[in-house]
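Hi,

Here is the structure I promised to pass on, with some notes on what turned up in it. Have a look at it first, then read on.

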Amino acid sequence: MAYDEIPPTLAEWQRAAQNPLSPNFSLPLEYKFHGGATAGDVHVGSFAPIMPIKFDGWNIINQLTLNFMGTPGDITGIRGIPQPYTGDGHGGSDGDAAGLADTFFTSYISPVINDEFSLGLGATFVFPTDEPSRELGSGKISMGPAVMLVYQTPESWTLSLQAQQIWSVIGSNGRDKVSQMIVNPTINYNLPDGWYLLSDMEVIANWELSSNQRWTVPIGAGVGKVFALGKNAIDTRIEGYYNVVTPGYNSSNGFSGPSWSIGASFSFIFGEL
């Protein structure tokens, strides 16, 4: 067997699966349940293909995220619904809504530095792919900067930090403007046989809301396993988080945030390492 035909090891696949800037085409599917909000629970299913473009010495890492959501409304503190809709007909306390929510697109320019450090600089965009008179999204086109740092030790650890800030630029006049920051620190520790431990905490700040509803700060962890399939791989994980800070109930707008979440994901990873 030629050298370039040798399948990657499980350890190599773990590094690729845990580095969002790895130039591997992948197809992640994710489900997340947010519970404990005053108005009810939120279900979010996501399909988020990662589409790298390779160049000599640098890469462009693109990710398109399609979100499918079910929510009773009046819930904030979640990335996809920074400003919940509370009007009549479809939104707010008038009943549940389910379907395609906002669509995200993020693109990073990532120079090839070395095997330990990865850097991505780019932009993120949010498109209101649900009708603006429902609570499944923001009703606005939003955009802003994005940055990612990844550090991987030769054996066990992967540490990463992703930060994004979006502002609404155009959209429905009946919806509030958006200013949302997402900071996502992630820790992975690899175990034998493709297993690993992780903590993937998504900290959210909605700057347009009052101070007691602005922040969502989770703490928690999960476990994952990578399965090698020849020159491809499957990455699976399950996680649980408790929000030590969450938007409290506010009688003036009826909003509140979830107190906990659980999630599971399945990713098919293609390509050469």
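**What I found**

At 34% relative accessibility, proline 20 counts as partly exposed, a class that lies between buried (under 20% relative accessible area) and exposed (over 50%), with a 1.4 Å probe and protein chains only. Proline 20 sits in the loop between α1 (10-18) and β1; helices (H or I, at least four residues) and strands (E, at least two) are DSSP runs, numbered from the N terminus. Between the C-alpha atoms of proline 20 and valine 226 there are 15 Å, with 206 residues separating the two along the chain.

Before going further, a word on conventions. This is a predicted model, where local features need pLDDT of at least 70 and side-chain atom pairs count only at pLDDT 80 or more, while totals for chains, interfaces and linings use all residues. Residues are numbered from 1 along each chain as its sequence is written, and side-chain values use heavy atoms, leaving out hydrogens and water.

Now the strands. β1 (residues 26-37) and β2 form a hairpin with two residues between them, and their antiparallel pairing runs over seven bridges. Strands count as paired if DSSP finds at least two bridges between them. Lysine 32 has valine 44 in β2 as its bridge partner.

At least two residues of the patch come from each of β8 (157-171), β9 (179-190) and β10 (195-200). Valine 223 lies in β12 (residues 215-229) and is partly exposed, at 32% relative accessibility.

Rings of Phe, Tyr and Trp (its six-membered ring) pair if their centres lie within 6.5 Å; planes under 30 degrees apart count as stacked, over 60 as edge-to-face and the rest as tilted. By this rule there are eight aromatic pairs. In one of them, the ring centres of tryptophan 157 and tyrosine 189 are 4.7 Å apart with planes at 55 degrees, so the pair is tilted. Tryptophan 157 is in β8 and tyrosine 189 in β9, so this pair ties together parts 32 residues apart in sequence. Tryptophan 157 is partly exposed at 41% relative accessibility. Elsewhere, ring pairs link Phe25, Phe268 and Phe270 into a cluster.

Finally, lysine 54 lies in β3 (residues 50-55) and is partly exposed, at 49% relative accessibility.

Best wishes
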